[in-house]
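Biologist: I am new to this one. Could you take me through a few of its features?

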Amino acid sequence: MRILVTGGAGYIGSVVSKLLLERGHEVVILDNLSTGHAAAVPPGAKLVRVDLRERAAVKALLRALEPEAVMHFAANIQVGESVRRPLKYLGDNVRNTLHVLEAMLGAGVRRFVFSSTAAIFAPSQQPLREDAPIGPESPYGESKYLVERILCWLGELAGLRYASLRYFNAAGAWQGLGEDHHPETHLIPRVLRVALGQAPKVQIYGQNYPTPDGTCVRDYVHVYDLAEAHLLALTALDGGSRAYNVGSGRGFSVREVIEVARRVTGHPLPVEICPPRPGDAPWLVADPGRIRRELGWSPCYSELEQIVSSAWEWHRAHPHGYSEEKDQGE
Ligand code: UFG
């Protein structure tokens, strides 16, 4: 298929693009490179620099390209920032997705794979099935849920075929593609930064959560396994629309992640307890039963040790992320 990947220069989008190319698809990446990296665009993919806020340009691109499917990764993704700047999320994330959907339907494109999130769920009994109570604790989660609702309506009324993949915590690196955000807010890269000597201590955001050791529990899924979920979801679209929780099914606390990182890096990783980060849910663990059963998804690299080891290898090889490669390329 010819597939348009928005945000394909970003962390998860670049890995999915690379896997799509490996499987023989044609990939066109739409990215404004505001947070993505030209160096992360896999060879063989075409990069088109368009900003999703530019409705007419998005429309023109979809018309010209006539892709068979769109995978939509491009979004603002920081839970903490969304609490400080709600409209950046409730506005841009939703509006930009509407631009994509409108352009798609205008061009007769009906297959859509959407990057949703575990952050749409209300705190409730874990692990979370797809029908667990919805109740985002941050504007980020809400923005993704609003898009899920829009997809439901367009599925019913406009013939859209979609998969909403609710990511739990994507982590790890694959074939030279790793996690490089500015600022970096995610736990594993921030921990590895300490191991590289780039920060003095690992900051733990809160230790009085209702979890076994008081720190937040998350379900870490290797970015390659997550990418495989996208390919399976794409193939299944013609059979109908669906939402899937994509996680390993196992939860690890912040302290447990740091402990694994100590083993992997051999660094003592001193910690500092900081106030909780607004918008953080105490506990997010997937029940991946539906995606296993219906799509035959089965994570291969999502042992925490494998995730942290692959990330560590990438960060050692790219201590300043993609910036050096980007400087050379520009
Ligand atoms: N944390 C720390 N110290 C840090 C960084 C993070 O204690 O330096 C904690 C956070 O408070 C949280 C946990 O580590 O409890 C994981 O935080 P991340 O920022 O790595 O990930 P989040 O769980 O906040 O969010 C991620 C993605 C979202 C997605 C969500 C779903 O960024 O897009 O997972 O679980 F929605």
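The questions below cover a helix, some aromatic rings and a pocket in this predicted model.

Biologist: What span does helix 5 reach from its first C-alpha to its last?
Modeller: Helix 5 covers residues 139–157, which makes 19 residues. At 1.5 Å a residue, 27 Å is expected. The model comes close to that, with a reach of 27 Å.

Biologist: Which elements are included in what covers the buried residues of helix 5?
Modeller: The buried residues of helix 5 include P139, Y140, V147 and L151. Charged side chains are on that list too, namely K144 and E148. The cover includes helix 3 (79–84), helix 4 (86–106), strand 5 (111–117) and strand 6 (161–167).

Biologist: Which residue just after helix 5 takes a positive phi?
Modeller: Helix 5 ends at residue 157. Just after helix 5, a positive phi of about 75° is found at G159.

Biologist: Are the rings of F112 and F114 stacked or edge-to-face?
Modeller: A search of the whole structure gives five aromatic pairs. F112 and F114 form one of them, at 6.2 Å centre to centre. Both residues are buried. Their planes lie 10° apart, and under 30 degrees counts as stacked, so the pair is stacked.

Biologist: Which elements give two or more residues to the lining of the second largest pocket?
Modeller: This pocket has a volume of about 160 Å³. Its lining has 16 residues, with D180, R193, H315, P319 and G321 nearest the centre. By class, four are nonpolar, eight polar and four charged. The elements asked for are helix 6 (187–195) and helix 10 (304–317).

Methods. Residues numbered from 1 in each chain as written. Predicted model: local features only at pLDDT ≥ 70, side-chain atom pairs only at ≥ 80, totals over all residues. Heavy atoms only, no water. 1 Å grid on protein atoms, 1.4 Å probe; cavity = no way out; pocket = protein on both sides within 12 Å on 5 of 7 lines; lining within 4 Å. Points joined across faces, edges and corners; volume = space filled by probe spheres on them. Helix = DSSP H or I, 4+ residues; strand = E, 2+ residues; numbered from the N terminus. Phe/Tyr/Trp six-rings, centres within 6.5 Å; stacked < 30°, edge-to-face > 60°. Buried < 20%, exposed > 50% of the residue type's maximum accessible area, 1.4 Å probe, protein only. Expected span 1.5 Å × (residues − 1). Contact = heavy atoms within 4.5 Å.
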